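Open the model in a viewer and keep the selection panel at hand. The stops below go from the sheet to the helices, then to single residues.

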Amino acid sequence: MNIRQAQPGDIPAIAALERECFSDPWPADMIGRMLDNFTVALEGEELAGYLALSSVLDEGNIDNVAVSPSFRRRGVADTLVADALRRSREAGLAALMLEVRAGNIAARRLYEKHGFREVGRRKNYYERPREDAILMTCFFL
């Protein structure tokens with residue numbers, strides 16, 4: 001698996017994966033505007049997954065992670081999260097944050113494995129279906 005910075009040619013595949021994985025997907029034009037925040041995981045030429053990471057001052061946020069159903073349970077999300085943590089530390093960030101659906105136990109366990117811990121909850125944050133968001137943070141300092 002190859003992890004690299006997303007390129008303009010990746011936008012259609014990222015947008016397609018968004019639509020496949022999320023009930024409220026980001027549109028392609030939004031992905032294009034945020035492209036510098038995306039890293040992609042490729043298996044050969046096929047998009048296995050992506051991660052969007054933004055930062056303000058010394059705080060980072062994992063905005064989105066998606067893995068193609070055909071590549072799940074093969075370490076794609078684990079590799080993308082580990083890469084995001086490495087890049088965040090190298091950038092001198094103090095913490096990396098994210099929101100995850102309360103019912104997404106597999107994702108919560110993955111984040112906990114990488115040092116994230118629950119720091120709060122946003123009631124009814126997600127729609128379709130309505131669900132709480134668990135706020136998780138990994139502190140570097």
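In what order do the strands of the open sheet lie? The sheet has 7 strands in the order S1-S2-S3-S4-S5-S7-S6, with mixed pairing. This is a predicted model, in which local features need pLDDT of at least 70 and side-chain atom pairs pLDDT 80 or more, while totals for chains, interfaces and linings use all residues. Residues are numbered from 1 along each chain as its sequence is written, and side-chain values use heavy atoms, without hydrogens or water.

**The sheet**

Colour by secondary structure, using DSSP runs: helices are H or I of at least four residues, strands are E of at least two, and both are numbered from the N terminus. Two strands count as paired if DSSP finds at least two bridges between them. Select strand S1 (2-5) and S6 to see the edge strands, each of which pairs on one side only. From one strand to the next, the twist averages 25°; axes here are lines fitted to C-alpha atoms, for helices over the stretch in contact, and angles run from 0 to 180 degrees between N-to-C directions.

Next select S3 (residues 46-56) and S4 (residues 59-67). These two strands are antiparallel, with 8 bridges. One place to look is Ala 52, whose bridge partner in S4 is Asn 64.

H1 lies across S2, S3 and S4 and runs at about 90° to S3.

Now show H4 (residues 105-113) beside H3. Two packed helices are described by the angle between their axes and the distance between the axes. The axes of H3 and H4 come within 10 Å and cross at roughly 40°. H3 is therefore oblique to H4, given that angles under 35 degrees count as roughly parallel, over 145 as roughly antiparallel, 65 to 115 as roughly perpendicular and the rest as oblique. To see the contact, select Ala 77, Asp 78 and Val 81 of H3 with Leu 110, Tyr 111 and Lys 113 of H4.

**The aromatic cluster**

Show the rings of Trp 26, Phe 38 and Tyr 50, which form one aromatic cluster. The structure holds 4 aromatic pairs. Rings of Phe, Tyr and Trp (its six-membered ring) pair if their centres lie within 6.5 Å; planes under 30 degrees apart count as stacked, over 60 as edge-to-face and the rest as tilted.

Trp 26 and Phe 38 are edge-to-face, at 6.2 Å centre to centre with 85° between the planes.

How far apart are the ring centres of Phe 38 and Tyr 50? The distance is 5.4 Å and the planes of Phe 38 and Tyr 50 are at 45°, so this pair is tilted. Phe 38 and Tyr 50 are both buried.

Move to S7 (residues 131-139), where 8 of the 9 residues are buried. S7 pairs antiparallel with S5 (residues 95-101) over 7 bridges, and Val 100 stands opposite Ile 134. S6 and S7 also run antiparallel, joined by 6 bridges; Tyr 126 has Glu 131 as its bridge partner in S7.

Select Tyr 125 in S6 (residues 117-126). Tyr 125 is partly exposed, at 40% relative accessibility. Beyond its sequence neighbours up to four places away, Tyr 125 touches Glu 99, Glu 131, Asp 132 and Ala 133.

**Backbone exceptions**

Most residues other than glycine have a negative phi, and most peptide bonds are trans. Which peptide bond is cis, with omega near 0°? The bond from Arg 128 to Pro 129 is cis, and Pro 129 is in the loop between S6 and S7. Arg 128 also has a positive phi of about 50° and is exposed, with a relative accessible area of 52%.

For the last stop, select Arg 73 in the loop between S4 and H3. Arg 73 has a positive phi near 65° and is exposed, at 85% relative accessible area.

Definitions and conventions. Buried means under 20% relative accessible area, exposed over 50%, partly exposed in between (1.4 Å probe, protein chains only). Contact means heavy atoms within 4.5 Å.
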